[in-house]
Amino acid sequence: MSITETTILAPEENGNDKRQAVLDAKVAAMKEMVAKYSQDILSFGKPHTPRTSETSQTGQIVVLTGSTGRLGCHLLAQLAEDPQVKHIYALNREASGDVDALFTRHTMALGEWGLEPTLLRSSKITLLVCNYNQERLGLDEDTYERLAGSATSIIHNAWRLHLKAPLSEFEPLIASLRNIVGLAVRSSRPGGAKIVFVSSVSVLANFTTMSEALERPITDPCIAAAIGYGESKWVAEQLLLTAREVNGIDTTIVRVGQLTGDSRIGAWSTKEWLPGLVAISLKVVGALPDREGDINWLPVDVAAKVLVEMMRSNEPVLHLVSPRPVACTHIITFFASRLKLPLMPYQGWIERLHTAVKAQAQVQADGSSKKRGAGVALTLFELFRDGHLGIDVVLSLERALKASPSLARAKSLDEEDVERYIAYWQKTGLLSA
Ligand SMILES: NC(=O)c1ccc[n+]([C@@H]2O[C@H](COP(=O)([O-])OP(=O)(O)OC[C@H]3O[C@@H](n4cnc5c(N)ncnc54)[C@H](OP(=O)(O)O)[C@@H]3O)[C@@H](O)[C@H]2O)c1
């Protein structure tokens, strides 16, 4: 799991009134946002035609959002090669409004993640510029009606991955989700279109029970009240549960854990926390942090395949993490031996990082290339300091494993995976001096 999924309440606030007040305010804001957007969702009513007993598994027409992103590219590739999928409408924002610009962005993104850009020439794929926040998703009436008339599933994957933004900054994403529900309800398919929502394990940030977290709705908002990102996913989950119950559409919330580089070339965005941590360990701290516990990370391409299989599940909530966790020390040791770095206890590593943070202004001022790539980790210092390297919640995979044969087959991370990540980051220049 990731630092994106950690509990972020500063230690000095722990266990005192201030901490409670922060939590109360967060919970109030989360509930308020749910109440505000539930009104709209209730007003959508039910789909034109009721659901039939079985959804057809062939000729699926899928609306995919956020296909310019890392997971989105892999989803696009998996959907394109799936024989049961007849067509994919890939919806993305594009400031210029120009579909050619969107095509170019996809070409670059697919290349960056080691996928074949010629994929875009597939007659199965239609790229559409949208505005998620607008009525009809900013699509012209004909296009919107074409989607409403044909879509069998919507994979809603687009989201902002900002770890320090408060919940209020995610409100446009919640408004987008409402419009996605509107499209699903409007679908002329029996029972409306199914929605698969790419959620995050960060909704379990404050899950402290010793038992495993079940694939069930989280009724207590306190469990998710930690960082705005996770809180926004919780709000989204509540709205989808409402849509399932009241509007009668089929929804599956998939709580995704940390996604690693893909299993072929190890392409893992250098903007994410773990590559940042490795870069800062190499260039600033001179050691990697060791910690206890297991990690259940999954390669992004495997996760995409699993999500496509989960699209065919009727379960309301599923988890998507590796069914074969490995000891964190095990993986960190591979990094350490490959990068010729010592391991040190997490606390000592944080202290060294703190010293580096104090010198950050200097780092930025002299623009030293030696520190290149360390920026992400430095900006995440507070998250590293207050959180852990991932949360230690054990997630039930009982339903997920039934829904996805690919998840059941997923192997645990090993030395070869680590070598692929390092090779990829070296190629991008992240680890070069
Ligand atoms: N990466 C992980 O380890 C991880 C773990 C758990 C869950 N997830 C979830 O997986 C999904 C995809 O993540 P990713 O790693 O592929 O992220 P990513 O590479 O940053 O891609 C994010 C996608 O969402 C779009 N997007 C970003 N901000 C947006 C906004 N404000 N409004 C509309 N669209 C926006 C991006 O479009 P532009 O290209 O236009 O910016 C892009 O298509 C997200 O829902 C994320 O929460 C990821």
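β5 is largely enclosed by the rest of the structure, because 7 of its 7 residues are buried. The model is a predicted one. Both faces of β5 are covered. Lys-194, Val-196, Val-198 and Ser-200 are buried on one side. Ile-195, Phe-197 and Ser-199 are buried on the other. In a regular strand, side chains alternate between the two faces of the sheet.

**The sheet**

β5 belongs to an open sheet of 7 strands. The order is β3-β2-β1-β4-β5-β6-β11, and the pairing is parallel. β3 (125-129) and β11 (317-320) stand at the edges with a single partner strand each, so one side of each lacks a neighbour in the sheet. From one strand to the next, the twist averages 20 degrees.

| Partner of β5 | Residues | Bridges | Sense | Residues standing opposite |
|---|---|---|---|---|
| β4 | 153-156 | 4 bridges | parallel | Ser-153 and Lys-194 |
| β6 | 251-256 | 6 bridges | parallel | Thr-252 and Val-196 |

Helix α6 (residues 228-247) packs on this sheet and touches β5 and β6. The direction of α6 makes about 155 degrees with that of β5.

**Around the ligand**

Which elements each supply at least two residues of the shell around the ligand? They are α2 (70-81) and β5 (194-200). The largest share comes from α2, with 3 residues. There are 21 residues around the ligand. Gly-66, Thr-68, Gly-69, Leu-71 and Trp-159 come nearest. By class, the shell has 9 nonpolar, 9 polar and 3 charged residues.

α2 is largely enclosed by the rest of the structure, because 10 of its 12 residues are buried. The buried residues of α2 include Arg-70, Leu-71, Gly-72, Cys-73 and His-74. Leu-75, Leu-76, Ala-77, Gln-78 and Leu-79 are buried as well. α2 reaches 17 Å from its first C-alpha to its last, close to the 16 Å expected at 1.5 Å a residue.

α7 is mostly covered, with 13 of its 13 residues buried. Gly-286 follows α7 and has a positive phi, near 80 degrees.

What separates the C-alpha atoms of Leu-341 and Gly-286? The distance is 6.6 Å, although the two residues are 55 residues apart along the chain. Leu-341 lies in the loop between α9 (328-339) and β13 (343-345). Leu-341 counts as partly exposed because it has 17 C-beta neighbours inside 10 Å. Leaving aside residues up to four places away in sequence, Leu-341 touches Ser-281, Leu-282, Gly-286, Ala-287, Leu-288 and Ala-336.

**The whole chain**

The chain has 16 helices and 13 strands. Of its 433 residues, 48% count as buried. Among contacts between residues at least 6 apart in sequence, 84% join residues at least 24 apart. The contact between Leu-341 and Gly-286, 55 residues apart along the chain, is one such case.

Methods:
Residues numbered from 1 in each chain as written. Predicted model: local features only at pLDDT ≥ 70, side-chain atom pairs only at ≥ 80, totals over all residues. Near = placed C-beta within 6 Å. Nonpolar A, V, L, I, M, F, W, Y, C, P; charged D, E, K, R; others polar. Buried ≥ 20, exposed ≤ 12 C-beta atoms within 10 Å, placed from the backbone. Pairing = 2+ DSSP bridges. Axes fitted to C-alpha atoms, helices over the stretch in contact; angles between N-to-C directions. Contact = placed C-beta atoms within 7 Å. Expected span 1.5 Å × (residues − 1).
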